[in-house]
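Subject: Structure for your review

Hello,

Here is the structure I said I would pass on.

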Amino acid sequence: MNNVLLLGRLTKDVELRYNNSQMAIGRFTVAVNRRLTKEKRQEAKANNQPTADFISCVIFGKQAEVLAQYVSKGMRVLVNGRIQTGSYDNKEGQKVYTTEVIVEQFEFIDSNNQHNEGNKQQNNVDDFGMGNAVVNNDSEMPF
């Protein structure tokens with residue numbers, strides 16, 4: 001089974017483009033903190049080692065448009081999808097290998113209002129830390 005669940009922050013706004021058949025394609029990166037103890041995190045920072053992973057994601061169709069419209073840099077999002085690998089030859093003729101998450105569902109964790117106010121307010125989340133807006137291919141958009 002190929003299933004990925006990520007909770008992290010967008011490193012920049014979703015890059016939204018359209019292909020020849022006018023289907024939306026959104027590309028974004030999610031910064032996901034590594035599970036480290038306080039001591040290990042401090043040690044990693046002191047040694048200039050990473051404490052987060054930056055994971056490339058791709059989302060398609062109406063979901064891409066909704067994500068691009070309502071989520072911006074720094075906001076938290078929960079994505080569910082699958083890992084896809086590939087390769088291509090770059091301009092220098094070298095083979096480049098790629099790994100990205102193809103997003104099938106996502107949930108808003110921060111609202112635009114909370115994000116714009118510097119996350120001063122308490123997030124409206126349930127016991128599992130997940131917001132209540134779910135967007136996937138099998139249901140209607142909540143907007």
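Below are the notes, from the overall fold down to single residues.

Please keep in mind that this is a predicted model.

Overall layout

The chain is built from three helices and seven strands. Their order along the sequence is β-β-β-α-β-α-β-β-α-β. There are 143 residues, and 33% of them count as buried. The accessible surface is about 9,700 Å², with 45% of that belonging to carbon and sulfur atoms. As for contacts between residues at least 6 apart in sequence, 62% join residues at least 24 apart.

Aromatic rings

A search of the whole structure turned up two aromatic pairs. In one of them, Tyr70 and Phe108 sit edge-to-face, with 6.3 Å from centre to centre and 75° between the planes. Tyr70 belongs to helix α2 (residues 61-70) and Phe108 to strand β6 (residues 95-108), so this pair ties together parts that are 38 residues apart in sequence. Tyr70 is partly exposed at 28% relative accessibility, while Phe108 is buried at 11%.

Phe108 also pairs with Phe106, again edge-to-face, at 5.2 Å centre to centre and with 80° between the planes. Phe106 has a relative accessibility of 1% and counts as buried, because the cut-off for buried is under 20%. Through these ring pairs, Tyr70, Phe106 and Phe108 are linked into a cluster.

Salt bridges

The structure has five salt bridges; I describe some of them here.

Asp53 and Arg34 form a salt bridge in which the closest N and O atoms are 2.8 Å apart. Asp53 is in strand β4 and Arg34 is in the loop between β3 and α1, so the bridge ties together parts 19 residues apart in sequence. Both ends are partly exposed: Asp53 has a relative accessible area of 31%, and Arg34 has one of 33%.

Glu104 forms a salt bridge with Arg82, with 3.4 Å between the closest N and O atoms. Here the partners come from two strands, Glu104 from β6 and Arg82 from β5 (residues 76-89), so parts that are 22 residues apart in sequence are tied together. Glu104 is partly exposed, with a relative accessible area of 31%. Arg82 is partly exposed as well, at 31% relative accessibility.

The side chains of Asp89 and Lys95 also meet in a salt bridge, at 3.9 Å from N to O. That distance still counts, because the cut-off is within 4 Å. Asp89 is exposed, with 52% relative accessibility, whereas Lys95 is partly exposed, with a relative accessible area of 46%. The two fall into separate classes because exposed requires over 50%.

Most residues other than glycine have a negative phi.

Gln22 is not a glycine, yet its phi is positive, near 65°. Gln22 lies in the loop between β2 (15-18) and β3 (24-33), and is exposed, with a relative accessible area of 59%.

Asn48, also not a glycine, has a positive phi of about 55°. Asn48 is found in the loop between α1 (38-46) and β4 (52-60). With a relative accessible area of 73%, Asn48 is exposed.

A buried loop residue

Which residues is Thr51 in contact with, leaving aside its neighbours within four places in sequence? They are Asn33, Arg34, Leu36, Arg41, Ala44 and Lys45. Arg34 is also the partner of Asp53 in the salt bridge described above.

Regards

Key
Residues numbered from 1 in each chain as written. Predicted model: local features only at pLDDT ≥ 70, side-chain atom pairs only at ≥ 80, totals over all residues. Heavy atoms only, no water. Helix = DSSP H or I, 4+ residues; strand = E, 2+ residues; numbered from the N terminus. Buried < 20%, exposed > 50% of the residue type's maximum accessible area, 1.4 Å probe, protein only. Phe/Tyr/Trp six-rings, centres within 6.5 Å; stacked < 30°, edge-to-face > 60°. Contact = heavy atoms within 4.5 Å. Areas by Shrake-Rupley, 256 points an atom, 1.4 Å probe, with all protein chains shown as cover.
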